[in-house]
Amino acid sequence: LSTDLKPERRKRSIYEAVVYEANNSGTAQFALPQDLPRYGVTIGALQLARAELRFGLSDARGLFGPPPKLSLGGKDMRLEPGKGLAATGGAGFYAGADATALQAGSIEARFSYAFRGNGWLTIVPRAGDTIWSLTSTWPSPSFQGGFLPTKRHVDDKGFSATYRIGNLALGQSLIDVQDAAPVERVGPSSRLASGTSAGDYEARIELIDPVDLYDQVSRAAKYGFLFIGFTFVTFLMFDVIGGVKVSSVEYLLVGAALILFFVLLLAFAEVIGFLWAYLVASAAIIGLITAYSSAVLKAWRRASYVGGLLTALYAVLYILLSLEAYALLIGSLMLFVALAMVMYFTRRIDWGSKDVQAAG
């Protein structure tokens, strides 16, 4: 099976989803086992003229474009809805086939069809040897399920992956002599269509967005203590070393302004996007705190230090939020450096003296 996956972002109001079109083509080779008699079955007992070739889809409503094509032994087949596999709840399509040619040897089926989906694509292998090759322009795939690709390549331009799964790995025999009634239901599967995680005997590829809007806002909030801590330490330095008294109410107001940044960021990001929302929210908070600091610290020069510090912090934070890797490492190193600087500049302060206690 070869799949060409074409992803697309769809937006409505403040919501965004990743949808795709999957163009599939492939071949299936059928043959009777040479040791069929040992299962108590003779070739004459098989109703090969009434065989059916079934394709299972979790939701057949996703089929689009030209009708699916199927040929068996070089002969085009007429397709009918339903009778999908049990794993897909019966959804899909099938064709009645005359498979009497299996008495003389193998028979080959060729097929092609396209369907639309959302977010992820799963295959449930059933053959003796399943080879699935998939390509896409999506740069951030997530390979899940009980089977991982034997080969894969991922870069900024997209990815390619190849799976090869045998029935021995599936733990299933290729021969079933039970009287299994065909599944007639045509509706979507209650399992594969539910969006739950892939099973142990499935291969799934999810089209993920590693740094989306809400993830970025959530990660920004986790670094909130950086802003509050750095800003409070700056005020504390002016308080203890510079002799400027800063009351607890003024600390509280500055902290409230820093927390308001994250509310503004989320509110604007849902309307104008994360980058512009970040610029607007950070500029508003930096301007507000800088102006307020000029009154609290009794000098615009001192307030400019606070404004410069916040500008640098917001710039570094945006870089951290844009990274997929090393964000935690860089953030941890920043905290270490900041703590080391505070300890260095306050190493000679006698925190038990009356002057320091009065200033605090």
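This is a predicted model: local features need pLDDT of at least 70, side-chain atom pairs count only at pLDDT 80 or more; totals for chains, interfaces and linings use all residues.
When I say helix, I mean a DSSP run of H or I at least four residues long, numbered from the N terminus.

Leu275 belongs to a nonpolar patch on the surface, together with Phe268, Val271, Ile272, Trp276, Leu279 and Val280. The accessible area of these residues together is about 660 Å². Two helices, H4 (248-272) and H5 (274-296), each give at least two residues to the patch. H5 has the largest share, with four residues. Leu275 itself counts as partly exposed, because its relative accessibility is 41%.

Now the charged side chains. There are nine salt bridges in the structure. One of them joins Glu21 to Arg116, with the closest N and O atoms 3.5 Å apart. Glu21 is in strand S2 (residues 15-30) and Arg116 is in strand S8 (residues 107-118), so this pair ties together parts 95 residues apart in sequence. Both ends are partly exposed: Glu21 at 26% relative accessibility, Arg116 at 45%.

Next, Lys83 and Glu52 form a salt bridge, 2.8 Å from N to O. This pair also links distant parts of the chain, 31 residues apart: Lys83 is in the loop between strand S6 (80-81) and strand S7 (92-97), and Glu52 is in strand S3 (residues 51-56). Lys83 counts as buried, at 12% relative accessibility, while Glu52 is partly exposed at 33%. Along with Arg54, these two residues make up a network of salt bridges.

Last, Arg204 and Glu206 meet in a salt bridge at 3.7 Å, N to O. Arg204 is buried, with a relative accessible area of 1%.

How values were computed:
Residues are numbered from 1 along each chain as its sequence is written. Side-chain values use heavy atoms; hydrogens and water are left out. Patches are made of residues with over 30% relative accessible area and no salt bridge: like charges are joined within 9 Å, nonpolar side chains (Val, Leu, Ile, Met, Phe, Trp, Tyr) within 5 Å. Accessible areas come from the Shrake-Rupley method with a 1.4 Å probe; for residues, only the protein chains shown count as cover. A salt bridge is a side-chain nitrogen of Lys or Arg within 4 Å of a carboxyl oxygen of Asp or Glu. Buried means under 20% relative accessible area, exposed over 50%, partly exposed in between (1.4 Å probe, protein chains only).
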